[in-house]
Amino acid sequence: MMKKAGRLLANLLLVAFSCVWLAPIYIIFVNSFKNRAELYANILSLPSAFTGEYYAQAMQKMNFAAAFKNSFLVTVFSVVIIVVLSAMTAWMLVRSHTALSRFLYRFLIVTMLIPFQTVMMPLMQEMNGITKATGIQMKDSLGGLVFMYIGFGAGMGVFLFHGFIKSAVPVSLEEAATIDGCNTWQVFWKVVFPLLKPTAITVAILDVIWIWNDYLLPSLTLTSNAHKTIPVMASLFFGTYTIQWNMAMAALMLTVIPVVVFYFAAQKYIIKGVAAGAVKG
Amino acid sequence: MKKQFRIFALTLAVVVLAASFAGCGSSASSAASASTPAASSSAQGGKITIFQQKSEIYDQLVALAADYEKETGVQVEVWPIAGDDYYQNLKTYMSSESGPTVFSLNSKSEINEMSGYLADLSGLPVMSKIQDTLKGATNEGTVIGVPYTAEGFGIVYNESLVKPADIDTTDKLVSFIGKSGDVTSFQLSQEDYFLIGHILNFPFAVQKDPVAFCQQVYKGEVKLADVSAFQDLAKIFDAIRQKEQSPVEVSYDDNCGNFATGKTASIHQGNWCYSLFKDYNVTFDMGITGVPVDGNTAVAVGVPSYWCVNGDASAEEQQLGKDFINWLYTSETGTHYLMDEFGFLPVVNGMKSTTLDPISQSIADSIASGNILPWTFNEEWPANIISNYLAPVAQEFFTTNMTQQEFLDKLNEAFVTAANE
Amino acid sequence: MKIKKKWFALFTVPLISVFFAVVILPFISGVLYSFVKWDGLPKNPKQFVGFENYLKVFTDSRFLASLLRTSLFTIISMLIINVLALAFALFVTSRLRARNLSRAMLFMPYLIGGLLLGYIWQFILGDGMKAIGVLTGREDLFFYWLSDSRFAFIGMIVVTTWQMAGYIMIIYIAGLQTISDDVLEAARIDGAGFWNMLFRVKLPLLMPSITISLFLTLSNCFKIYDVNLSLTGGGPANATEMVTMNIFAEIFSKSNYGYGQAKAIVFFVIVAVITMLQVKLTSNKEVEA
């Protein structure tokens, strides 16, 4: 009886805390329906009307359909490639106990410390150079952007996979598969990668959020309006001294909803016991 | 399940790289032939891109672009941007040869820095028609920019709460501050330009020769603390600090909102803020007057930005850009947009706007009568001194017990340091 | 297990080459540029100054102050974020009914990026705090936080924690889920209570997650910029100016590209040494399966 009451209390506290935790999100939501005078009067109040007019205006000005398509393509392609290539690279770096592997691993993660702001100008100039030299459109193109995200996502992807492979993927399994006649490629895809699912989903979630919300890199490389992603278009509502709050918040809600949907869908796939099952078997 | 997932992932990965580059292949062909992306000519008349800082006119610009295409067949793409990021984005675009055709620059220092990328605009027909007081920007003698408009700032006041005659000297202003009880008398706001950037222009601009004065300050020949206009400003700041809410706590939005709802009698602002007032139900008359250092009553007027053309773009693109700017200032549609849609004060001789809001009208009248002060801050101060040095000093003043003397000394130090960097 | 060279190449070359092109080459450019005086525009002149920029870094009091400040901010934030994230992860993987909803809600802050976040928190920590002060009468604690240098600093920690705790939480969740039930069962049979379970069983097995989480919080906090810009703008009076903001201002506001790069390199070296030490320390405690 006491235990049940204690549990109820814990549940309630958790929910209450979560609500306080989300207060800022409440503010964003509520103010996407107010006009400037209303917002000035009281930022916390519920709006006088839940009008969709600012959402409609925001969507129209942001050219939302095109921006959504661009964001979607860039995010999906970048994340899939990052997950696949990072897993492959990380596994190889863990298993081959050479000095080169250790060096490459440390090298990859150290560069995660470089703030983007310090490499953005040379990077843009480099992309320009590649475009001129090879004819492959690296600047103002979604493909070029994906290419850059792969480069920037490499460090974290390898870092996360490396840690989990080292501790949760037993070499014994791989050796067993090799004895059974698999070559390295098959060992990776048949034995190792399935075990990496939780990590792969984790990397995917983190990368999707980063890339979907990323503003600076796309704003610098995507110049044609037709290529711009959602965050870049949303910056429209931020003037030099003042912000069109209602549309900015509507734009932010529009930006966040797809990611939330993705997150809810993806977290179902972090299945417990996959590793445990493998060890037992 | 595992096998399916693996095949899916693999195929996707392979297809992706091929597709993403192939998909952009259509633009690759034009990339090889031109250094800027907008040089590809469409079937009709070509294309230009506009990238400028005033986010307030973005919507109208987009409408203008559509009208321009109808009239001339030239496509105009307007790039959106968050106001604060404008210049660093422009710089990055230019450095990677991705610059826009037409863009805006704000100050002498920006023009100096971008000088290698500016096209010569002296040949434009509109240049000869620009009012003398607002001549086009020059860089080493060559005209490279067309002024947007004229803007003015000073004390914007609510006529029913205060009259200009009540605050036309520093002493009167100082005693006015804090007097009105429930109503705030005079309010600044926390953003760099509105905390100190604009208002500090006044003591410089009232000097007999502001340009020479600035040079003397930079060389250390003159100390701000010894100059009466600056002492006046420090008195005003101190009065605000003692008797009003700290401006560090007031945002631009609240500042304008307070004024529009009658909670504040006067604010330090410019005619650009009128568009914000429209969102509230303003029931009173308003006007603008100068900050009364040394008994001054004139507002400060200057050109906020200039239209420039990308000198790095192809010759045809540059010409299209120049044509656009010329059209903007001379055609009927163009001038309609400038004056009625953007709300700009006319800069071309003979143009008269009939739709000016009360503050802009007041500024226009001041320009006509010649009772104006220059924008020394924009023309003579070292680059970016406001956000790098002056704002921190002002913030410190309002959040500590700094004396007026220390305040002026620190400002002085800021100018000397920044000028000699 | 012996790996043939061709497999090694096949598996690692694609990613490493993209990484090299996108991250390493520009970084090397940056290093080269740190030896010149330049404003960043190709058409404007570069003036070779050798190590002058680097010498300047060590006498730049504003930069050194921001370095110290960022370090302090990072250490405090790292601790708070990791403790909170672990606590959240434990709650959320327990048998409490509210866990699914809570997991989603705790994670949400991380989904909101960018500019708007800072402005919302500006309101909460500014006007919001002031209102609470008036309501509760505790005006010594609740006032316009952002105009006080110490409280603005605390504000930065609050917002960063708010944003990152949920994100680090899912790393700990993934880690907790790799701990096999057998081990937990065995410990329970041996009579381990909650705290023993936590410190003797779970934490050691969580070491890889801890390495990762510490590293991620360390690197994200050192590099902090967006929140810094939109929440405090570095104020009041540069009291909360963190390193990336200082470098960015140097490059774009002051148009000192070369000097800004020198600062960035110095900063990078310092942070790299610290984090490599951290990774080595915690990695040694990891147990390979």
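**View 1. Two packed helices in chain A.** Helix H5 (residues 64–95) and helix H8 (residues 142–168) of chain A pack at about 40°, and their axes run 6 Å apart. (Helices here are DSSP runs of H or I with at least four residues, strands are E runs of at least two, and both are numbered from the N terminus; axes are lines fitted to C-alpha atoms, for helices over the stretch in contact, with angles from 0 to 180 degrees between N-to-C directions.) That angle makes H5(A) oblique to H8(A), given that under 35 degrees counts as roughly parallel, over 145 as roughly antiparallel, 65 to 115 as roughly perpendicular and the rest as oblique. H5(A) passes H8(A) in a right-handed crossing, the near helix being turned clockwise from the far one by less than a right angle. Sorted by class, this contact has 21 nonpolar, 7 polar and 1 charged residues. (Ala, Val, Leu, Ile, Met, Phe, Trp, Tyr, Cys and Pro are nonpolar, Asp, Glu, Lys and Arg charged, and the others, Gly among them, polar.)

A word on the model: it is predicted, so local features need pLDDT of at least 70 and side-chain atom pairs count only at pLDDT 80 or more, while totals for chains, interfaces and linings use all residues. Residues are numbered from 1 along each chain as its sequence is written, with chains lettered from A and ligands numbered from 1 in the order in which they are written.

View 2. Asn63(A) sits in the loop between helix H4 (53–62) and H5 of chain A. Its phi is near 55°, a positive value in a residue that isn't glycine.

**View 3. An open sheet in chain B.** Six strands line up as E2-E1-E3-E11-E5-E4 in chain B, with mixed pairing; strands pair if DSSP finds at least two bridges between them. E2 (75–78) and E4 (137–139) of chain B are the edge strands with a single partner each, so one side of each has no neighbour in the sheet. On average, neighbouring strands are turned by 35° against each other, ignoring direction. Further in, E3 (residues 102–105) and E11 (residues 306–309) of chain B pair antiparallel over 4 bridges, and Ser104(B) has Trp307(B) as its bridge partner in E11(B). Helix H3 (residues 58–72) of chain B packs on this sheet, touching E1 (47–51) and E2 of chain B, and its direction makes about 170° with that of E2(B). (Contact means C-beta atoms, placed from the backbone, within 7 Å.)

**View 4. Two domains of chain B.** Domain 1 covers 38–150 + 304–350 and domain 2 covers 152–302 + 362–419, with bounds from an automatic or database domain assignment. Their centres, taken over C-alpha atoms, are 30 Å apart. The contact uses 9 residues from domain 1 and 10 residues from domain 2 of chain B.

**View 5. Where chain B meets chain C.** Here 19 residues of chain B touch 20 residues of chain C. H17(B) gives the most on the chain B side, with 6 residues. That side has 6 nonpolar, 9 polar and 4 charged residues.

**View 6. Where chain C meets chain A.** This contact takes 72 residues from chain C and 80 residues from chain A.

**View 7. A cis peptide in chain C.** The bond from Gly235(C) to Pro236(C) is cis, with omega near -5°. Pro236(C) lies in the loop between helix H10 (226–232) and H11 of chain C.

Technical notes. Two residues are in contact if their C-beta atoms, placed from the backbone, lie within 7 Å.
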